[in-house]
Amino acid sequence: MIDFAGIGQKVKQIRVSKGITQEELAEAVGVGVTHISHLETGSGTVSLKVFLAIVNHLECSADELLFKEIASARPIVNTWLSDLVSDCDQTEMKIITDTVITLKQTLRKNKSSD
């Protein structure tokens, strides 16, 4: 069962820590303030569309909000790596991505031949 109260508490915690009001969040995700209030107090639910809009506006990951629903979360990319490449343009990101993929394949190939 989905713990909407837990999700709401986490939304509020992250929202407040970022200095975002309920009104600002509601406007950004296209719902009324009452909907955000009901979500945060656990007396309402949230659609996937609104949930994703909240994740994007709060700049957090979905697993941060679903913490009680996910047994173990694994970040897709470590924060330090994201920070490292954050100023790269599209061409640089393509080169970096291709390099990392090739490096990973080479490492695994060498590992399996040991």
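Which residues does Leu25 touch, not counting residues up to four places away in sequence? In this predicted model, local features are described where pLDDT is at least 70, side-chain atom pairs count only at pLDDT 80 or more, and totals for chains, interfaces and linings use all residues. Residues are numbered from 1 along each chain as its sequence is written, and side-chain values use heavy atoms, with hydrogens and water left out. With contact taken as heavy atoms within 4.5 Å, Leu25 touches Val11, Arg15, Ile20, Ile36, Ile54, His57 and Leu58.

Leu25 belongs to the largest nonpolar core, which has 17 residues and in which Val11, Leu25, Ile54, Leu58 and Leu65 have the most contacts. Such a core is a set of buried Ala, Val, Leu, Ile, Met, Phe, Trp, Tyr and Cys residues joined through side-chain atoms within 4.5 Å, where buried means under 20% relative accessible area, exposed over 50%, and partly exposed in between (1.4 Å probe, protein chains only). At least two residues of this core come from each of helix 1 (4-17), helix 2 (22-29), helix 3 (33-41) and helix 4 (48-58), helices being DSSP runs of H or I with at least four residues, numbered from the N terminus. Helix 4 gives the most to the core, with five residues.

Within helix 4, the residues Val50, Phe51, Ile54, Val55 and Leu58 are buried. Seen down the axis of helix 4, these buried residues fall within an arc of 140 degrees, and so they line one face of the helix; the arc is that of the directions from the helix axis to the C-beta atoms. Leu48, Lys49 and Asn56, by contrast, are exposed on the other side of helix 4. The cover over the buried residues of helix 4 includes helix 1, helix 2, helix 3 and helix 5 (62-65). After helix 4 comes Glu59, whose phi is positive, near 55 degrees.

Val11, which is found in helix 1, is buried, with a relative accessible area of 1%. Leaving aside neighbours within four places in sequence, Val11 is in contact with Leu25, Leu39, Glu40, Ile54, Leu58 and Leu65. Val11 and Glu64 are 53 residues apart in sequence, whereas their C-alpha atoms are 9.0 Å apart in space.

The structure holds two salt bridges, each defined by a side-chain nitrogen of Lys or Arg within 4 Å of a carboxyl oxygen of Asp or Glu. In one of them, the side chains of Glu40 and Arg15 meet at 2.6 Å, N to O. This pair links distant parts of the chain, with Glu40 in helix 3 and Arg15 in helix 1, 25 residues apart, and both Glu40 and Arg15 are buried. The side chains of Lys94 and Asp98 also meet in a salt bridge, at 2.9 Å, N to O. Both of these residues lie in helix 7 (residues 90-112), four residues apart, about one turn of the helix. Lys94 counts as exposed because its relative accessibility is 52%, while Asp98, at 34%, counts as partly exposed.

On the surface, Trp80, Leu81 and Leu84 form a nonpolar patch with about 340 Å² of accessible area together. Patches are made of residues with over 30% relative accessible area and no salt bridge, like charges being joined within 9 Å and nonpolar side chains (Val, Leu, Ile, Met, Phe, Trp, Tyr) within 5 Å; accessible areas come from the Shrake-Rupley method with a 1.4 Å probe, and for residues only the protein chains shown count as cover. Trp80 lies in helix 6 (residues 79-85) and, at 57% relative accessibility, counts as exposed.
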